[in-house]
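I opened this structure to see how the chain is put together. These are my notes, in the order I looked things up.

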Amino acid sequence: MVVGVDRGRYTCRPGPTPQRLVAAVRGGSMRRTSVVVGDRVALVGDVSGTSGALARLVRREERTSVLRRTPDDTDPAERPIVANADILVIVCSVTDPAPRPGLIDRCLVAAYDGGLSPVLCLTKTDLADPAPLIELYRPLGFPVLTTRPDCDLDPLLALLTDRVSVFFGHSGVGKSSLVNRLVPAADRAIGEVNAVTGRGRHTSSAAVALLLPAGGTVIDTPGVRSFGLGAVAPNRVLRAFSDLAAAAEHCQPGCEHLAPSPDCALDSAVRDGAADAARLASLRRLLAARGTPL
């Protein structure tokens, strides 16, 4: 697995031993192939991992999932961030900085689009009530966890153990603090929130994959302030809502499922009691996130 990328050099972990890391560069036809943290790759050459050794990366295995973003909503050029993760942990503080549901929605869209299972992790719940955010996302049916500095992280660890998870969120929400508690040897840099702007300072400069002591991998990513969805396919998002996807098959071709309409089969399903109105409202909020400025 690729565990780090830095200026054309790829740090790879050939097996479960955290101490053995191999530095590599892309070789031959791979020079035009995107390789990101989480990719599974084939290496040749010096794979000893000793000082000064350099292997060549000659093949990237097929990805099972990919978390990607675009520069903005009008640019379809996607930028993969992490590959082959099972879970996207969206880290959001309930205050300092204030929560941004628009960014959470965009992360959810990217998770459903890319084949990851989302988890919402609310931090700093000792400073403000998380109930409004919990209620907002309850209809979507995915895990919503709350954390505070003195809390037990066992509920979160239970979801992450033996899985590959990626932590994502904007700066200052406590993402790297969580990673440091989960992986004490990680020593990820921690920043503070600007009292004037209410924004965090970027402290993690690149994505890095870390082994959980109990098994599994956590990928920490730099904090973000924007998340373009220009490459998202709405139908892939809809497939994540199995209860609604079946009803959507009865929609007319080209139906965007965005607004209540007598022609949208999703509204008919709600009227007939075959679908939940709150779930449909949540789906429409996510589908509309692409055109909603942050």
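The entries below go from the whole chain to single residues.

**Entry 1: the whole chain**

I note at the outset that the model is predicted. I counted secondary structure and got 8 helices and 13 strands in the chain. I then boxed the C-alpha atoms along the principal axes, and they fill roughly 65 × 45 × 35 Å.

I turned to burial and found that buried residues are 46% of the 294 in the chain. The accessible surface comes to about 14200 Å². Carbon and sulfur atoms account for 51% of that surface. For contacts, I took pairs of residues at least 6 apart in sequence. Of these contacts, 63% join residues at least 24 apart.

**Entry 2: cavities**

How many cavities of 30 Å³ or more are there in the whole structure? My search finds 1. About 50 Å³ of space lies in the largest cavity.

I listed its lining. The residues are Ile90, Val91, Cys92, Arg100, Leu103, Ile104, Gly169 and His170. By class, the lining divides into 5 nonpolar, 2 polar and 1 charged. Which elements each supply at least two residues of this lining? They are strand 8 (87-93) and helix 1 (101-114). Strand 8 gives the largest share, with 3 residues.

**Entry 3: helix 4**

I looked next at helix 4, residues 175-182. Is helix 4 largely enclosed or largely open? I found 6 of its 8 residues buried, so the rest of the structure largely encloses helix 4. The buried ones are Lys175, Ser176, Leu178, Val179, Asn180 and Leu182.

I asked what covers them. The cover includes strand 8, the strand that also gives the largest cavity its largest share of lining. Strand 9 (117-123), helix 3 (154-160) and strand 11 (164-168) are also among the covering elements. So are strand 12 (208-211) and strand 13 (217-220).

**Entry 4: alanine 207**

I followed the chain to the loop between helix 4 and strand 12, where alanine 207 is found. Its relative accessibility is 15%, under the 20% cut-off, so alanine 207 counts as buried. I set aside residues up to four places away in sequence and listed what alanine 207 touches. The list is Val3, Gly4, Val37, Ile219, Asp220, Thr221 and Pro222.

I also took one distance. Alanine 207 and alanine 245 are 38 residues apart along the chain. Their C-alpha atoms are separated by 34 Å.

**Entry 5: two buried aspartates**

I went back to helix 1, which holds aspartate 113. Aspartate 113 has 6% relative accessibility and counts as buried. Beyond its neighbours within four places in sequence, aspartate 113 contacts Arg68, Ala231, Val232, Ala233, Arg236 and Val237.

I read a relative accessible area of 11%, and aspartate 267 is buried. Not counting residues up to four places away in sequence, aspartate 267 touches Ala259, Pro260, Ser261, Leu280 and Arg284.

**Entry 6: backbone angles**

Where does proline 97 lie? I placed it in the loop between strand 8 and helix 1. The peptide bond from aspartate 96 to proline 97 is cis, with omega near 5 degrees.

I then looked up positive phi values outside glycine. Arginine 7 has phi near 50 degrees. This residue lies in the loop between strand 1 (2-6) and strand 2 (9-12). Is arginine 7 buried or exposed? Its relative accessible area is 78%, and arginine 7 is exposed.

Aspartate 162 also has a positive phi, about 65 degrees, although it is not a glycine. I found aspartate 162 in the loop between helix 3 and strand 11. Both of those elements are among the cover of the buried residues of helix 4. Aspartate 162 is exposed, with a relative accessible area of 61%.

Methods:
Residues numbered from 1 in each chain as written. Predicted model: local features only at pLDDT ≥ 70, side-chain atom pairs only at ≥ 80, totals over all residues. Heavy atoms only, no water. 1 Å grid on protein atoms, 1.4 Å probe; cavity = no way out; pocket = protein on both sides within 12 Å on 5 of 7 lines; lining within 4 Å. Points joined across faces, edges and corners; volume = space filled by probe spheres on them. Helix = DSSP H or I, 4+ residues; strand = E, 2+ residues; numbered from the N terminus. Nonpolar A, V, L, I, M, F, W, Y, C, P; charged D, E, K, R; others polar. Buried < 20%, exposed > 50% of the residue type's maximum accessible area, 1.4 Å probe, protein only. Contact = heavy atoms within 4.5 Å. Areas by Shrake-Rupley, 256 points an atom, 1.4 Å probe, with all protein chains shown as cover.
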